[in-house]
Amino acid sequence: MTHFCPECFGDKSLRSLLIKARPSYPDGVKCDFHPSRKGIPDAVVIDRIDGAIRSNYGWADSNPYVNEGATLPELIEGLVQPESEDILQAVKAELENSEDYDMRKGGEPFYDDNQTFVKYETTYNPLHEMWDRFKYDIVHQQRFFSQRGQGWLREIFSDLEHQKDSSGQSPIYTVSPSEKGWTMYRARRRDTEAERAKACAAPAAELGPPPERLRRAGRLNAPGVACFYGAFDIETCLAEIRPPVGSWAVTAAFDLLRPITVLDMTRFTNEVANRSIFSPVRQKRLDQWRFMQVFQEEITRPILPDDEVLDYVPTQAVSEFIHVALAAEAKGTGSRIDGIVYGSAQRPGGRNIALFGEAALIDGGTDEPEDKLSRAALSGLWDDGAGYVRPSLQNMLGPDPALKLREGSVAVHRITGIDVRWMTEDPDNELQSLDF
Ligand SMILES: [Zn+2]
C-alpha cells in the first residue's frame with residue numbers, strides 16, 4: 001500500500017483536503033515520498049482525486065482524428081501538481097488500479113492511456129431555476145417579501161463579496177470621492193424653454209431623485225424609494241432617457257461626497273477566478289458567476305411603455321435585498337451596498353449606476369434637511385471626538401447625502417440624431433425559436 005501526504009501535491013485545495021483528513025488515520029505510518037511526514041492511505045487520497053476528475057472531466061472524443069485534450073499524465077500533472085515524477089506515476093497507477101472492479105463487469109477503463117481528457121461544460125445551473133421560482137412567487141403569490149422568497153434570494157446572491165474575477169478583482173468594492181472616473185451624469189427631458197430655465201435654476205432638485213411622493217418605480221426601485229440613476233458619461237446618460245430627435249435635455253454632473261460601496265455587475269463579463277477542482281466552493285462560485293452574467297441582462301433591459309408594473313417587482317426586490325440584507329450579512333465588509341453598476345442596454349460599452357437610499361440623495365437636493373446649520377451644530381455637539389454620533393441622534397440628523405452637483409456642469413442639449421444598431425433575423429428562424 002502506498003501512502004501520500006499533503007506535501008506530495010502542489011494544489012492548495014487538495015492539500016487542505018488532505019490536511020483535514022489526516023488526523024483520522026493512524027500515527028506512525030509515513031508518507032512513501034516524505035519519510036518524515038505522516039502518511040495517508042492511498043485509497044483515501046485516490047478516492048478524492050478520482051471523484052474530482054470524474055465529476056469535471058470526460059474523454060475528449062472517440063473520434064481518432066480529433067486530437068485535443070490532455071493525456072492522463074498531463075491531466076494528473078495539471079490537477080494535483082505532484083511534487084515529483086514518482087508521485088505522478090504512483091497516482092496514475094493507483095487511479096488505474098482503482099477501477100479494476102468495473103473492468104471485470106465488462107466496462108471500459110476510464111483511465112485509458114489512449115484517451116485524452118477534456119473538461120465538461122455543464123449547462124445546468126440551479127440558480128436560474130431558483131430565480132424563475134422567485135419571480136413567479138413574488139409576482140403571482142406573495143407581493144410582500146416571504147420567508148421563502150428571502151431564502152431563495154439569499155441562496156442566489158449571498159457570498160458575492162467572495163467572488164473574484166481572473167485578475168483578482170472583486171465585484172463589490174468601495175470607491176472614495178478622490179477616485180477618478182466616478183463623476184456621474186444625469187439627464188432629464190426638458191422640451192420647453194420654461195422647463196429648461198427651471199432645471200438650470202435649480203439643477204440639484206430638478207435632476208436629482210424627485211421628492212418622495214413623486215418617485216416613480218424603476219427597474220431597481222419600488223415607487224416611493226429613492227434611487228439615483230446616472231451614467232458615467234454624457235452620451236450614455238442621454239441615450240438612457242431615449243430622447244427623440246428634436247427633443248431637449250438638461251444634463252448635470254455629480255461628484256461623490258463620501259465613500260460608497262457598489263456591486264459592479266460589469267465585472268461579471270470577465271472570466272471568473274480559476275479555482276482548483278478540489279475547492280469545495282468551486283462549483284458554487286462558478287454557478288453564481290454565470291447566473292450574474294445573465295441577471296445583468298435582466299436589469300439592463302430598457303423600460304418600455306407597454307411594460308407591466310409587475311415586471312419590475314422581482315428586480316426591485318433584489319436591489320432592496322442587496323442594499324438592506326446582503327451587506328449586513330457579509331462579514332468583514334461592514335458597509336451597506338449603496339448601489340449597483342451595470343452595463344447600458346442603450347449604448348453598448350456605456351455604464352450606468354443606480355444608487356439607493358441615502359446614497360441617492362444630493363446635497364442641496366429635495367431631501368436636504370431644511371435647517372443645515374442646526375444639523376451641523378448638533379453633530380458637533382454630540383460627536384464625542386472619535387467621530388461617533390449616537391445612533392438615535394444620527395437618525396434625527398437625517399440621511400447623509402453621498403452626491404453633490406458639480407458647479408458649472410449643467411448643460412442644455414438638443415438631440416440632433418440617434419445612432420441605431422441592429423441585427424437582422426430571419427423571420428423563419430424566429431418562429432422556430434418561439435416553438436422551442
Ligand atoms: Zn508526501
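**Before starting**

The model is predicted: local features are described only where pLDDT is at least 70, side-chain atom pairs count only at pLDDT 80 or more, and totals for chains, interfaces and linings use all residues. Residues are numbered from 1 along each chain as its sequence is written.

**The whole chain**

Display the entire protein as a cartoon. It holds 15 helices and 14 strands; these elements are DSSP runs, numbered from the N terminus, with helices (H or I) of at least four residues and strands (E) of at least two. Of the 436 residues, 28% count as buried. A residue is buried if 20 or more other C-beta atoms lie within 10 Å of its own, exposed if 12 or fewer, and partly exposed in between, the C-beta atoms being placed from the backbone. Among contacts with a separation of 6 or more, 73% are between residues 24 or more positions apart; a contact requires C-beta atoms, placed from the backbone, within 7 Å.

**Stop 1**

Strand E5 (residues 172–175) and strand E9 (residues 260–264) run antiparallel and are joined by four bridges. Two strands pair if DSSP finds at least two bridges between them. Within this pair, Thr174 stands opposite Thr261 of E9. Strand E10 (residues 339–343) runs parallel to E9, with three bridges between them. Here Asp264 stands opposite Val341 of E10.

**Stop 2: the nonpolar cores**

Select Cys227, Leu263, Ile340, Ala354, Leu355 and Ala360. These residues have the most contacts inside the largest nonpolar core, which has 58 residues. Such a core is a set of buried Ala, Val, Leu, Ile, Met, Phe, Trp, Tyr and Cys residues joined through C-beta atoms within 7 Å. Strand E8 (residues 248–256) supplies the largest share of this core, six residues. In soluble globular proteins, nonpolar side chains tend to be buried together.

Centre the view on Ala354. Leaving aside residues up to four places away in sequence, Ala354 touches Leu220, Cys227, Tyr229, Ser319, Gly339 and Ile340. Then select Leu14, Ala90, Tyr111 and Phe117, which are among the 25 residues of another core, lying apart from the largest one.

**Stop 3: helices around H4**

Select residues 72–80 and 85–97. The axes of helix H3 (residues 72–80) and helix H4 (residues 85–97) come within 10 Å and cross at roughly 115°. Axes are lines fitted to C-alpha atoms, for helices over the stretch in contact, and angles run from 0 to 180 degrees between N-to-C directions. H3 and H4 are therefore roughly perpendicular; angles under 35 degrees count as roughly parallel, over 145 as roughly antiparallel, 65 to 115 as roughly perpendicular and the rest as oblique. Show side chains to see Leu72, Pro73, Ile76, Glu77 and Val80 of H3 meeting Leu88, Val91 and Lys92 of H4.

Helix H2 (residues 42–56) packs on H4 at an angle of about 80°, with the axes 10 Å apart, which makes H2 roughly perpendicular to H4. Asp42, Ile46, Ile49 and Asp50 of H2 make the contact with Val91, Glu94 and Leu95 of H4.

**Stop 4: helices H6 and H11**

Select residues 126–141 and 282–300. The axes of helix H6 (residues 126–141) and helix H11 (residues 282–300) come within 8 Å and cross at roughly 50°, so H6 is oblique to H11. Pro126, Leu127 and His128 of H6 make the contact with Asp287, Gln288 and Phe291 of H11.

**Stop 5**

Select Leu153, which lies in helix H7. Leu153 counts as buried because 23 C-beta neighbours lie inside 10 Å. Leu153 touches Phe134, Val318 and Phe321, not counting residues up to four places away in sequence.

Move to Asp159, in the loop between H7 and E5. Asp159 has a positive phi of about 70° although it is not a glycine, and it is partly exposed, with 15 other C-beta atoms within 10 Å. Ser167 also has its place in the loop between helix H7 (147–157) and E5. With 9 other C-beta atoms within 10 Å, Ser167 is exposed. Finally, draw a distance from Ser167 to Asn270: they are 103 residues apart in sequence and 8.8 Å apart in space, C-alpha to C-alpha.

Technical notes
Contact = placed C-beta atoms within 7 Å.
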